[in-house]
Each structure stands twice: as structure tokens, then as C-alpha cells.
Amino acid sequence: MSSLFDMQSNPRKAAVSYAILGIALIAFPFIASQFGNSWVRIMDFALLYIMLALGLNIVVGFAGLLDLGYIAFYALGAYMTGLLASPQFATVLESFVNQYPVVGNSLIAIFGPEIAQNGIHLSVWFIIPLGAALAAVFGALLGAPTLKLRGDYLAIVTLGFGEIIRIFMNNLSGPVNITNGPQGINLIDPIRIFGVSLAGEAGSQSTVHVGFISMPSVNAYYFLFLFLCIAIIFISYRLQHSRLGRAWVAIREDEVAAKAMGINTRNMKLLAFAMGASFGGVAGAMFASFQGFVSPESFSLMESIMVLAMVVLGGMGHIPGVILGAVLLVSLEGTLRHVVEPIQKILFGEIFVAAEVLRLLVLGLALVIIMQIRPSGIWPAPRQEDRPDADVDKPDKPTGVVGA
């Protein structure tokens, strides 16, 4: 399957494969929407999880650092968007005025009465780099105390970090109400591109009008998420084949040997955490704008495990495999809900097993079977991606000339 997209060995076949894939991706929302917008919405979430899985792949697949708290960076990007693109910031200022009048009045003087009344409503094009930067900073902060940890110890520390972020978001509602606690942040602004709201204008029934073209809101978000996914895939490939990517692979294979060869393992690990976290921050910002609402329930430990399962199931360190794993696992629940539950109603008149329960059952069974049959994942990385050709000892071709 890899040969179909290998530009080096067979560029013509790869170009045709990429063209067919591009046409299929562009046509998908228009075809799927004929069967209901829910199928396009499932693919929207699949694209979001592809961003998350590619970010975690940098940490787990490239650098070999087990991270069970990756969903925390997703939460940071989402909550930052909730604060900077909704009326929530006005609630924060009001809370400061009620609890700490001096601080609150100073903040109102800095931000102005309009923001104190309506909150901050930044453009998403400011929020995306801010979300990536904030998540990268926290990724480096997470990586700093874990530099000497490996294996199970590293997993436990990262798991604790993820839970700390979720609990903070759940409890930062007093004495100053920052995150609105378990109720979450509502009325988050939809994404606007050149003045066009991707959620559709009021009264349009979630239909986006661009010139003479009209499409459902889920289709418009699909194309935006697809563009961001392509950008992240491009960055991931460039990282993988750069000196930085080679250093991560060296650390994954043998950290002691990598350090002996002169690789600064401390800086490389911090860069892996920061770079992977930045992808999670971008995905979180998109999630908040897409949903219009964020709450702590969306960032549980199970979500971190799901993203890790996407990386492991697809093939750690292999970008196409990670994408395949994300699409399979996200589409699993939607397929079960739209196929298995109606079949149960037809056959038995009621639903005996909910789609969520079936999803966990099928996921667990799939992981057991895949790990037995293909321990490296459904689409593992070829060996030539792990090390450059120059590292492989090859005998020189005979020239017929005897050396002196």
C-alpha cells in the first residue's frame, strides 16, 4: 500500500494516487450529505482526531515517550478559545470586581468597558497560533520534570498532568469564575473566513452561502479541518525526514546510544513534547469553535487513551497508519449508532446494547486481535523510514580494478 504514495520509487503512480485521493476527499461531503449531515459530522470529528493523533505520534511514535495526558493540550486550546471568543471574559471581569474590586477595576480600565460588557471576540486566525503557542509552552512544562523518566513512570506522570488540567477546568469557577466550572463555556463564536460564518448566518438553518454556492455548515467545517490536516501532515513529514526527526528516532531506539553520539536528548525531548502539544492546541481551538461549547467532560482520561489507541492501532511512527487508525476509531461509533442500533430496533423492537457500549467492546477486541496478528499496527512504518540509507552497510559494486 505504501508504494501507491511513494513519490521516490514511482512518482507517476503516486501522483495518480494522490489525485484520486484528493478528488475523493473533496467529493465526500457532497455525497455523504445526501444520506444525512451526521455522516459529514462524523468525518469532521475524524479530522480533528487526526490532528490530535499526529501530534501524539510525534511524542509516542517518533520520540518513543509514552504520554497518557495528551488530551490536556486539547483542553487548553479549547478553553483558551472559549475565553477569547465568547462572552465568558466579561464574566471573568465581573467576578474579579465582585471578589477583588481593586484588581477587577484595574482590569476593566485596561480592557475597556466594552469588553467588560460583551467579552472578547478575537478572530480564529489569532486564536489558532495562540492556542498552538499556549499548548507548546505547557508541553515543555510537562516535559521538563519528566526528562529522566521512562516507561511506566513517564506514563503515570503524564496521566497525572492530564487529570490535573481537567480538574482545574472543572473547579476554576470560584472565587473567580474563569472556566464556569462543570457548566462549561457556551456561546463560543463560530469560525469566520473573510466575513463568512461557517456556522451559517441567523435564520439560514446552518447553511453557508459563498457567492452562488450553498452548503451545510458541517461541509464548510469539513473543508477547513481538511486544510488544517493537510498542513499538519506536511509539517509532520518534514519533521520526520529532518535532522530533528532523526534525532527523535535515535532517542526512541536507544537513548543512551543517542546521547553518546552527541544528541542533546534533553532539548530533543522538550521539543517533542512542545511540538506535539501545539497540534493538540490547534485541534482544541477548532473543536471549541465547531461545537460552540466546551466542558470538562470532553477531556477525560478515556479521550487520551482513545488518541493513544489510534496511534498504536494504526502504526506508531507511520503517518499514514496513524491517519488510518484515527479514521477507523472515530467512524466506528457513528457506524454502530447508525447501523447496529437501527438493526436492533428492527429485529427486537428495542435497543439492547447501546452504541457506546458496543464501541468499547469492539475497540477492545480489535486491539487484542491486532496486537496478536500485527503487533506493529495495521499499517506499520517501513524500516527505511527508521534510519537513513547511509546507515546501512552496503558492499561496493565491483569495478574490475584491483586496488593497489
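## Helices α13 and α15

In this predicted model, helix α13, which covers residues 301-314, packs with helix α15, which covers residues 355-373, at an angle of about 35 degrees, and the axes of the two helices are 11 Å apart. The crossing that α13 and α15 make is left-handed.

On the α13 side the contact is made by Met302, Met306, Ala309, Val312 and Leu313, and these meet Arg359, Leu360, Leu363, Ala366, Leu367, Ile370 and Met371 of α15.

## Helices α7 and α12

Two packed helices are described by the angle between their axes and the distance between the axes. For helix α7 (residues 124-143) and helix α12 (residues 265-291), the angle is about 140 degrees and the axes lie 6 Å apart. Angles over 145 degrees would count as roughly antiparallel, and α7 and α12 are therefore oblique to each other. The crossing in which α7 passes α12 is right-handed.

The residues of α7 that take part are Val124, Ile127, Ile128, Gly131, Ala132, Ala135, Ala136, Gly139, Ala140, Leu142 and Gly143, and their partners in α12 are Leu270, Phe273, Ala274, Ala277, Ser278, Gly281, Val282, Ala285, Met286 and Ser289. The contact of α7 with α12 divides into 15 nonpolar and six polar residues, and no charged residue takes part.

## Leucine 244 in helix α10

Leucine 244 is placed in helix α10, which runs over residues 243-253. With a relative accessible area of 21%, leucine 244 is partly exposed, because the range for that class begins where the buried range, under 20%, ends.

When residues up to four places away in sequence are not counted, leucine 244 touches Leu239, Met268 and Leu271. The C-alpha atoms of leucine 244 and alanine 272 are separated by 9.2 Å, although these two residues are 28 residues apart along the chain.

Most residues other than glycine have a negative phi. Asparagine 180 is not a glycine, and yet its phi is positive, at about 65 degrees. This asparagine 180 lies in the loop between α8 (151-171) and β3 (192-193), where it is partly exposed, its relative accessible area being 22%.

Leucine 187, which also is a residue other than glycine, has a positive phi near 60 degrees, and its place is in the loop between α8 and β3. How accessible is leucine 187, and does it count as buried or exposed? At 59% relative accessibility, leucine 187 counts as exposed.

## The chain as a whole

The chain has 15 helices and six strands. Its radius of gyration is 24 Å, close to the 22 Å that the globule rule gives for 404 residues, so the chain is as compact as a globular protein of that length.

Of the 404 residues in the chain, 44% are buried. Among the contacts between residues at least 6 apart in sequence, 72% join residues that are at least 24 apart.

Key. Residues numbered from 1 in each chain as written. Predicted model: local features only at pLDDT ≥ 70, side-chain atom pairs only at ≥ 80, totals over all residues. Heavy atoms only, no water. Axes fitted to C-alpha atoms, helices over the stretch in contact; angles between N-to-C directions. Helix = DSSP H or I, 4+ residues; strand = E, 2+ residues; numbered from the N terminus. Parallel < 35°, antiparallel > 145°, perpendicular 65-115°, else oblique. Left-handed = near helix turned anticlockwise from the far one by under 90°. Contact = heavy atoms within 4.5 Å. Nonpolar A, V, L, I, M, F, W, Y, C, P; charged D, E, K, R; others polar. Buried < 20%, exposed > 50% of the residue type's maximum accessible area, 1.4 Å probe, protein only. Rg over C-alpha atoms; globule rule 2.2 N^0.38 Å.
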